[in-house]
Amino acid sequence: MQDRIIDEVLLLIQQKGVTFTISELAKNLGTSKRTIYEHFTSKDYIIEVIIDRFISQIKEKEKEIAEREDIELLEKIEQILCFIPKQFQMMEVRLLADLKKHHFYQWEKLDHFLKKEWSVVIYLMEQAMEEGIIRNINLQLFIELYLGVINQIYNPTVLLQNQVTFEEKLEAVMDILLYGISTNQ
């Protein structure tokens with residue numbers, strides 16, 4: 001039942017943001033609020049579980065990619081930086097602002113993760129610099145550039161004219177960040 005509740009919450013978040021009510025959730029599930037509260041003590045706790053799952057999925061995928069021996073180092077970095085769990089591609093600036101306003105602790109946890117949890121990427125990039133695969137760069141600045149671009153991609157007011165998917169935008173950005181714009185190889 002917990003997974004059903006989480007799945008329905010993710011759908012409600014796509015439709016209404018984080019301002020949905022437990023009554024709406026119960027109605028959509030065809031159950032009572034009491035049943036929901038038997039599994040989750042509060043709406044805040046449901047959001048916390050979702051954020052924790054999001055962070056956990058990213059960490060697991062980072063570890064899985066970093067340990068692969070069948071792909072090159074630069075490809076590992078690119079795959080990690082392009083991975084966003086499917087359920088969370090609906091995130092956008094409005095949703096993050098709502099999360100910050102209505103569920104500050106959960107927003108703070110997510111914000112901290114996105115800004116501070118870069119050990120796997122930093123390790124791989126330092127290894128790539130040591131091996132001469134990438135130039136010696138300021139890794140903190142690279143991360144700030146990446147986060148700035150992610151914020152723009154999530155911003156619904158900054159849409160490209162043609163219908164480009166989120167994944168295509170992210171892959172194009174990573175191509176530019178990792179390989180530059182010069183034709184010189």
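Angles under 35 degrees count as roughly parallel, over 145 as roughly antiparallel, 65 to 115 as roughly perpendicular, and anything else as oblique. Keep in mind that this is a predicted model, where local features need pLDDT of at least 70 and side-chain atom pairs count only at pLDDT 80 or more, while totals for chains, interfaces and linings use all residues. Residues are numbered from 1 along each chain as its sequence is written, and side-chain values use heavy atoms, with hydrogens and water left out.

How far can you trust it? Mean pLDDT (the predictor's confidence in each residue, from 0 to 100) is 84 for the chain, with 86% of residues at 70 or more. Helix H3 (residues 33–39) has the highest confidence, at a mean of 95, and helix H6 (residues 93–102) the lowest, at 78. Helices here are DSSP runs (H or I, at least four residues), numbered from the N terminus.

Now look at H4 (residues 43–67) and H5 (residues 73–82): their axes, lines fitted to C-alpha atoms over the stretch in contact, come within 9 Å and cross at roughly 165° (angles run from 0 to 180 degrees between N-to-C directions). The two are therefore roughly antiparallel. Glu62, Ile65 and Ala66 of H4 meet Lys76, Gln79 and Ile80 of H5, contact being heavy atoms within 4.5 Å.

As for charges, the whole structure has nine salt bridges, each a side-chain nitrogen of Lys or Arg within 4 Å of a carboxyl oxygen of Asp or Glu. One of them joins Arg53 and Asp3 (2.9 Å, N to O). Arg53 is in H4 and Asp3 in H1 (residues 2–16), so this pair ties together parts 50 residues apart in sequence.
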